[in-house]
Amino acid sequence: MTGEWRNWSGNERARPARTLAPQDAGEVAAAVLAAVREGLPVKAIGSGHSFSPAAVAPGVQLRMDRLDELVEVDPGTGLVTVGAGMPLWKLNPVLAEHGLAMEILGDIDRQTVSGAISTGTHGSSLRFGGIATQVRALELVLADGTLARCSAEERPDLFAAARVGLGALGVITRVTLQCVPLFALHARDTALPVAEVLDQVHELAEGNDHFEFFWFPHSETALTRRFTRLPGDTELRPVPALTRRLDDALNGPGFEALCRIGTRFPAAVRPIARFAARAMSAREWTDLSYRVFASPREVRFLEGEFAIPQEHTVDALREIRQWIDRHDERVSFPLEVRFVAADDIWLSTAHGRRNCYIAFHQYHRMPHERYFQACQRILADYGGRPHWGKMHDLTAAELRPRYPHFDDFRTVRDSVDPTGVFANPYLDRVLGPAPKAP
């Protein structure tokens with residue numbers, strides 16, 4: 001099986017020498033060993049929802065779709081083991097059937113479990129870490145074809161590295177997650193003046209179980225989202241079906257049409273953005289957590305995101321807004337601002353500090369380079385760490401001082417994959433090449 005592969009947004013493409021779809025760890029190991037004999041690098045891919053070239057495969061591409069089984073569930077402990085190719089949208093209702101849920105999710109559920117953890121996918125809450133903090137054990141095929149199991153007790157250094165491993169250490173085949181009892185969320189969307197949100201942003205982040213906001217930079221309005229965690233047997237009051245269909249139409253085909261108008265007539269972008277900001281409506285609803293955390297993303301876009309120390313939130317956002325105004329930049333998508341608790345995972349963007357995550361987007365048909373470069377420069381100056389699954393051009397030399405365990409990660413990588421079997425140009429740029437790589 002060959003042909004061109006492209007990611008969801010269409011900004012990354014590859015034409016692998018060979019594409020395989022293994023159905024178990026044994027077939028993964030056989031594919032890795034065959035690739036090594038032929039001198040070809042190997043990359044596993046999930047749903048292709050990363051904007052970075054982390055999963056671009058110039059050699060052998062492994063599609064993990066068939067490793068999507070539910071291996072084991074223990075409702076008593078909440079430990080759940082799944083195949084690495086299990087997509088989150090499929091996992092969540094399965095967990096609900098067993099009275100369980102993921103502790104936290106991001107705002108998109110299209111990713112596979114292994115893809116989400118490998119790139120450091122996160123939600124928004126100063127009380128919880130990213131998805132990788134829920135991992136309790138991993139199985140992965142290494143460059144020599146062996147199947148390694150790691151956890152906090154078994155090969156702890158490999159575990160510390162592999163929870164956010166960027167695909168650089170091996171091919172993850174199974175993941176054991178610490179789940180929690182099924183719970184609901186009461187959601188409240190409120191449009192507020194941006195100035196008011198910025199004045200209260202730390203209180204809002206601290207005072208809610210989950211808080212985030214969206215801000216079209218050409219407007220003075222932000223949509224705030226606050227979620228309160230409730231027991232799983234709470235009476236549910238989901239968004240009515242008609243309202244959801246209207247929202248889907250406005251946020252999907254309707255917003256797509258507006259973005260296309262802005263692409264053809266750039267002068268229309270600012271009024272369109274102000275219209276979209278005014279259209280963000282207040283509402284409340286209660287539903288199971290996974291139905292609230294994630295929402296559809298039907299309009300394609302490009303995205304970069306940096307994690308900065310929480311205390312710099314307001315200064316960084318104001319600086320981005322000032323740059324947009326000074327340069328008359330047309331931005332068709334909102335900034336998304338989220339908050340995440342600190343963790344101890346070596347290459348997690350939240351390692352050792354509580355973060356504000358600022359994501360910047362642009363419609364995929366519009367120019368983005370100048371805007372993204374400006375956001376990267378501003379956020380990097382605040383100690384920003386780029387999301388591994390999103391767009392940036394920082395190098396290993398620039399990233400190394402931002403991660404206390406950067407060299408520890410490289411030591412593990414060089415031990416388990418000394419010849420760069422799982423490398424690609426992106427990983428060579430952000431980590432440096434393997435010591436014996438050609």
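**Strand pairing and helix packing in the predicted model**

Ala137 has Thr176 of β11 as its bridge partner. The structure is a predicted model, in which local features require pLDDT of at least 70 and side-chain atom pairs count only at pLDDT 80 or more, while totals for chains, interfaces and linings use all residues. Residues are numbered from 1 along each chain as its sequence is written, and side-chain values use heavy atoms, with hydrogens and water left out. Helices (H or I, at least four residues) and strands (E, at least two) are DSSP runs, numbered from the N terminus.

Strand β9 (residues 135–141) and strand β11 (residues 171–178) run antiparallel and are joined by six bridges; two strands are taken to pair if DSSP finds at least two bridges between them. Strand β9 also pairs with β10 in the antiparallel sense, over five bridges, and here Val141 stands opposite Leu147 of β10. The hairpin of β9 and β10 has five residues between the strands, and in it Gly145 adopts a positive phi near 85 degrees. Six of the seven residues of β9 are buried, so the strand is largely enclosed by the rest of the structure. Buried denotes under 20% relative accessible area, exposed over 50%, and partly exposed the range in between (1.4 Å probe, protein chains only).

Eight strands form an open sheet with antiparallel pairing, in the order β16-β13-β15-β14-β18-β19-β17-β20. The edge strands, β16 (283–288) and β20 (385–386), each pair on one side only. Within this sheet order, strand β13 (residues 183–193) and strand β15 (residues 221–231) are paired in the antiparallel sense over 11 bridges, and Thr190 has Thr224 of β15 as its bridge partner. Helix α10 packs on the sheet, where it touches β17 (301–309), β18 (335–340) and β19 (355–363), and its direction makes about 170 degrees with that of β19. Contact means heavy atoms within 4.5 Å. Axes are lines fitted to C-alpha atoms, for helices over the stretch in contact, and angles run from 0 to 180 degrees between N-to-C directions.

Helix α10 (residues 369–381) also meets helix α9 (residues 313–326): their axes come within 10 Å and cross at roughly 150 degrees. That angle makes α9 roughly antiparallel to α10, where angles under 35 degrees count as roughly parallel, over 145 as roughly antiparallel, 65 to 115 as roughly perpendicular and the rest as oblique. From α9, the contact involves Ala316, Glu319, Ile320, Trp323 and Ile324, and from α10 it involves Arg370, Tyr371, Ala374, Cys375, Arg377, Ile378 and Leu379. By class, nine residues of this contact are nonpolar, none is polar and three are charged; Ala, Val, Leu, Ile, Met, Phe, Trp, Tyr, Cys and Pro count as nonpolar, Asp, Glu, Lys and Arg as charged, and the others, Gly among them, as polar.

Asp328 lies in the loop between α9 and β18 and has a positive phi of about 50 degrees although it is not a glycine. Its relative accessible area of 38% places Asp328 in the partly exposed class. Arg155, likewise not a glycine, has a positive phi of about 50 degrees; Arg155 is located in the loop between β10 (147–151) and α4 (156–162) and is partly exposed at 41% relative accessibility.

Gln111, in the loop between β8 (100–101) and α3 (113–118), is buried at 14% relative accessibility. Apart from neighbours within four places in sequence, Gln111 is in contact with Ser47, His49, Met86, Pro87, Leu88, Ala116 and Thr121.
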